[in-house]
Amino acid sequence: MTQATFRPSAAVDGPPGYRERSGQLVTIVEEVPAEHDPDAGDDDVATLYRVRFDDGVETEAFEDELDMTDDAEASTGSTAL
């Protein structure tokens, strides 16, 4: 599974405490299908993902709120140059 670092862009706090969770590692559960994304028809809206935090809380996040890594990078702590 792909993991990412959560970087919320909202200026106000939203569920489940987005600002407090900034910098936490999440697992990408799935891409939210367009029929379940109310903003999917807008051309400038980023892809929406279902994500899970290490404590089991699941929520949705836009792709621009996620710094993506792959399993190898996450497990070794290395980054590609």
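**Note on the fold and its salt bridges**

1. We have one helix and five strands here (DSSP runs, H or I of at least four residues for helices, E of at least two for strands, numbered from the N terminus). Along the sequence they come in the pattern β-β-β-β-β-α.

2. Before you dig in: this is a predicted model, where local features need pLDDT of at least 70 and side-chain atom pairs count only at pLDDT 80 or more, while totals for chains, interfaces and linings use all residues. Numbering runs from 1 along each chain as its sequence is written, and side-chain values use heavy atoms, with hydrogens and water left out.

3. Of the 81 residues, 28% count as buried (under 20% relative accessible area; exposed is over 50%, partly exposed in between; 1.4 Å probe, protein chains only).

4. Now the charges. The count is four salt bridges (a side-chain nitrogen of Lys or Arg within 4 Å of a carboxyl oxygen of Asp or Glu). One of them joins Arg-7 and Asp-67 at 3.1 Å, N to O. Arg-7 sits in the loop between S1 (3-6) and S2 (25-31) and Asp-67 in S5 (residues 66-69), so the pair ties together parts 60 residues apart in sequence.

5. Arg-21 pairs with Asp-55, closest N and O atoms 3.0 Å apart. Arg-21 is in the loop between S1 and S2, Asp-55 in the one between S3 (48-53) and S4 (58-62), 34 residues apart. Arg-21 is buried at 10% relative accessibility, whereas Asp-55 is exposed at 53%.

6. Arg-50 and Glu-58 meet at 3.4 Å, N to O, and Arg-50, Arg-52 and Glu-58 are linked in a salt-bridge network. Arg-50 is partly exposed at 24%, as is Glu-58 at 32%.
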